[in-house]
Amino acid sequence: MPIEPAASTGNLLLDALSGSDRALIERDLEPVTVARGDTILTAESGASPVIFPCDQAVVALVVATHDGRMAETASVGHDGAVGGIIGQGRLPNAVSGLVQVGGRVLRLDADRLREAERRSATFRDLFARYADCFLAQLLLIGACNAVHPIEQRCLRWLLTLQDRTGGDTLPVTHELMAAMLGVQRTYLTRILRVLQEQGLLRAERGRITIVDRRAVSAAACACHARVRLHCEAVLGAVYGPDGPRRAAPDADAGPVSRTA
Ligand SMILES: [Zn+2]
C-alpha cells in the first residue's frame with residue numbers, strides 16, 4: 001500500500017524531499033518488514049534495489065571473505081538509504097545487505113531512482129549529497145577498522161548504532177557485533193567486559209546498554225564524530241539542525257533534542 005503523500009515516511013532522507021520530488025517516487029516505494037539476520041541485498045547482475053530503513057531499522061553492508069568471515073563496511077538507518085544509490089547501483093561481488101535491527105524498510109527499484117534523478121535537479125542534488133555522506137562513512141570507517149584499537153572500534157560502532165535506533169539500550173548480540181567488527185565472539189566478549197568495568201556500558205544477553213554516551217564519545221576514536229560532522233556539513237537537510245529532525249541525540253556534538 002503506498003504511503004500517504006503528506007505523512008512522515010519514517011526515513012529522514014525521504015522526508016527531506018520536497019513534496020513534488022517525493023511525488024516522483026512515492027507510488028513506487030514498497031513497504032517491507034525485515035528481521036534481524038535477514039539478507040536483503042545481494043550482488044546481482046543488474047542494479048541493486050534501493051532500501052530506505054525506517055524508524056529503528058538498521059541495515060549493514062557486509063563483505064564476506066574467502067575464509068568464511070565477514071566484516072561490516074557501512075551501516076544505514078532511518079537517516080539514509082543503502083543498495084543502488086551510487087553510480088549505476090551495482091553492488092560488488094561478495095557484498096550483501098544484512099539486517100542488524102529489524103523493522104520496516106521501503107524498497108525502491110534503482111531504475112525509478114535514476115528516473116527521478118533525471119527529472120529533477122533538486123532530487124538529484126539530495127541523493128548526490130547523500131552519496132557523499134555514504135562515501136565518507138566507507139572511507140573513514142575503512143581506515144578506522146585498519147588502524148584503531150578494537151576497544152575504540154567497539155565504542156564507535158555502538159555510537160553509530162545508537163544514532164540509528166535512538167534509546168540507550170541497543171538490541172544487539174555479541175555474535176552479531178563480533179561478526180560486524182570482524183573478530184571472534186569470545187574475544188569481543190572480553191573487550192565488552194573491560195568496557196563494562198570502565199563504567200561505559202552494560203553488556204547483557206541480546207542487548208548492550210550505553211550507560212554514559214558522553215563518556216563513551218570521549219573514550220571512542222574520533223571516527224564517529226568525523227563522519228557526523230561531514231554529513232552535517234554536506235547534508236544539513238537530514239543531519240543538521242535545520243533538517244526535518246535529527247537522527248539521534250549526540251552528546252559529542254552539542255545539545256540536541258530527541259524526537260524519536
Ligand atoms: Zn576509529
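## Crossing of α5 and α6

In this predicted model, the crossing in which α5 passes α6 is right-handed. Helix α5 covers residues 150–165 and helix α6 covers residues 174–181; the two pack at an angle of about 110°, and their axes lie 11 Å apart. Angles of 65 to 115 degrees count as roughly perpendicular, and α5 is therefore roughly perpendicular to α6.

On the α5 side, the residues that make this contact are Arg-153, Cys-154 and Trp-157, and they meet Met-177, Met-180 and Leu-181 of α6. Sorted by class, the contact of α5 with α6 holds five nonpolar residues and one charged residue, with no polar residues.

## Packing of α5 with α7

Helix α5 also packs with helix α7, which runs over residues 185–197; their axes come within 10 Å and cross at roughly 80°. This angle makes α5 roughly perpendicular to α7.

Ile-150, Glu-151 and Cys-154 of α5 form one side of the contact, and Ile-191, Leu-192, Val-194 and Leu-195 of α7 form the other. The class count for the contact of α5 with α7 is six nonpolar, no polar and one charged. Cys-154 of α5 takes part in the contact with α6 and also in the contact with α7.

## Antiparallel pair α4 and α9

Helix α4 (residues 121–147) packs against helix α9 (residues 223–234) with an angle of about 165° and a distance of 9 Å between the axes. Since angles over 145 degrees count as roughly antiparallel, α4 and α9 are described as roughly antiparallel to each other. Their crossing is right-handed.

From α4, the contact draws on Arg-129, Asp-132, Cys-133, Ala-136, Gln-137, Leu-140, Ile-141 and Cys-144; from α9, it draws on Cys-223, Arg-226, Val-227, His-230, Cys-231 and Val-234. These residues of the contact of α4 with α9 divide into nine nonpolar, two polar and three charged.

## Domains and their contact

The domain assignment divides the chain into domain 1, residues 12–120, and domain 2, residues 144–253. Between the C-alpha centres of domain 1 and domain 2 the distance is 21 Å. Domain 1 gives 17 residues to the contact, and domain 2 gives 19 residues.

On the side of domain 1 that touches domain 2, the elements giving two or more residues are α1 (12–15), β4 (58–64), β5 (70–76) and β7 (95–101). Strand β5 provides the largest share of that side, namely four residues. By class, the side of domain 1 that touches domain 2 comprises eight nonpolar, five polar and four charged residues.

## Overall dimensions

The chain contains 10 helices and 11 strands. Its C-alpha trace spans about 55 × 45 × 30 Å along the principal axes.

For 260 residues, a compact globule would have a radius of gyration near 18 Å; the chain has 18 Å, so the two values agree.

Note on methods: Residues are numbered from 1 along each chain as its sequence is written. This is a predicted model: local features need pLDDT of at least 70, side-chain atom pairs count only at pLDDT 80 or more; totals for chains, interfaces and linings use all residues. Domain bounds come from an automatic or database domain assignment. Two residues are in contact if their C-beta atoms, placed from the backbone, lie within 7 Å. Ala, Val, Leu, Ile, Met, Phe, Trp, Tyr, Cys and Pro count as nonpolar, Asp, Glu, Lys and Arg as charged, and the others, Gly among them, as polar. Axes are lines fitted to C-alpha atoms, for helices over the stretch in contact, and angles run from 0 to 180 degrees between N-to-C directions. Angles under 35 degrees count as roughly parallel, over 145 as roughly antiparallel, 65 to 115 as roughly perpendicular and the rest as oblique. A crossing is left-handed if the near helix is turned anticlockwise from the far one by less than a right angle, and right-handed if clockwise. The radius of gyration is taken over C-alpha atoms; the globule rule is 2.2 Å times the number of residues to the power 0.38.
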